[in-house]
Each structure stands twice: as structure tokens, then as C-alpha cells.
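Here is a brief report on one chain. Look over the sequence and the model before reading on.

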Amino acid sequence: MFSTGQLIFAALFFLTFVIVIIFSYRKDLALHKKYYKGSLFVLAGFLVFIALLFVIKAYLKE
């Protein structure tokens, strides 16, 4: 489906992309800690809400 050159390019692109993302995140880590202090609670709330929707769906399906 893909040629060898395309697969090599995709692997190198992915590796470079991940390295740049990690570098950028580490550079901005102090700002993330300052401005996004309560964001984990928001994420937890969304995950609980989605889990609750699945539970309701399973319960109503029976």
C-alpha cells in the first residue's frame, strides 16, 4: 500500500513531531502550572460525565 520511502518519511516525521512537542511542552511547563492549575478537575468531570452517559445508556437498553 505504501512504498518504503513513504514509510520511512512517516516514521521520521512522527519522531520529529513528538520530539518538538515534548520540547515545547517542557519549555512552557512553568506557564502551564501557573495558568492551568485546576484543569485536571475539569478533565475528571468530563470523564465522569461521559462514563455516566454510558451507564445510563446500558441501563436503558435492558
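## Overall form

Accessible areas here come from the Shrake-Rupley method with a 1.4 Å probe. By that method the chain exposes about 6400 Å². Carbon and sulfur atoms supply 77% of this area. The model is a predicted one.

The chain has three helices and zero strands. Its elements run α-α-α from the N terminus on. The radius of gyration is 20 Å, well over the 11 Å that the globule rule gives for 62 residues, so the chain is more spread out than a compact globule. The C-alpha trace spans about 50 × 45 × 5 Å along its principal axes. Buried residues make up 0% of the 62 residues.

## A nonpolar surface patch

Seven names belong together here: Phe9, Phe13, Phe14, Phe17, Val18, Ile21 and Ile22 form a nonpolar patch on the surface. Together they have about 750 Å² of accessible area.

Ile22 is found in helix H1, which covers residues 4–27. Its relative accessible area is 48%, so Ile22 is partly exposed, as exposed means over 50%.

## Aromatic rings

The count comes to two aromatic pairs. In one, the ring centres of Phe13 and Phe17 lie 6.4 Å apart and the planes meet at 10 degrees, so the pair is stacked. Ring pairs link Phe9, Phe13 and Phe17 into a cluster.

Phe13 and Phe17 both lie in helix H1. They sit four residues apart, about one turn of the helix. Phe13 is exposed because its relative accessible area is 53%. Phe17, at 47%, counts as partly exposed.

Conventions. Residues are numbered from 1 along each chain as its sequence is written. This is a predicted model: local features need pLDDT of at least 70, side-chain atom pairs count only at pLDDT 80 or more; totals for chains, interfaces and linings use all residues. Side-chain values use heavy atoms; hydrogens and water are left out. Patches are made of residues with over 30% relative accessible area and no salt bridge: like charges are joined within 9 Å, nonpolar side chains (Val, Leu, Ile, Met, Phe, Trp, Tyr) within 5 Å. A salt bridge is a side-chain nitrogen of Lys or Arg within 4 Å of a carboxyl oxygen of Asp or Glu. Helices (H or I, at least four residues) and strands (E, at least two) are DSSP runs, numbered from the N terminus. Buried means under 20% relative accessible area, exposed over 50%, partly exposed in between (1.4 Å probe, protein chains only). Rings of Phe, Tyr and Trp (its six-membered ring) pair if their centres lie within 6.5 Å; planes under 30 degrees apart count as stacked, over 60 as edge-to-face and the rest as tilted. The radius of gyration is taken over C-alpha atoms; the globule rule is 2.2 Å times the number of residues to the power 0.38.
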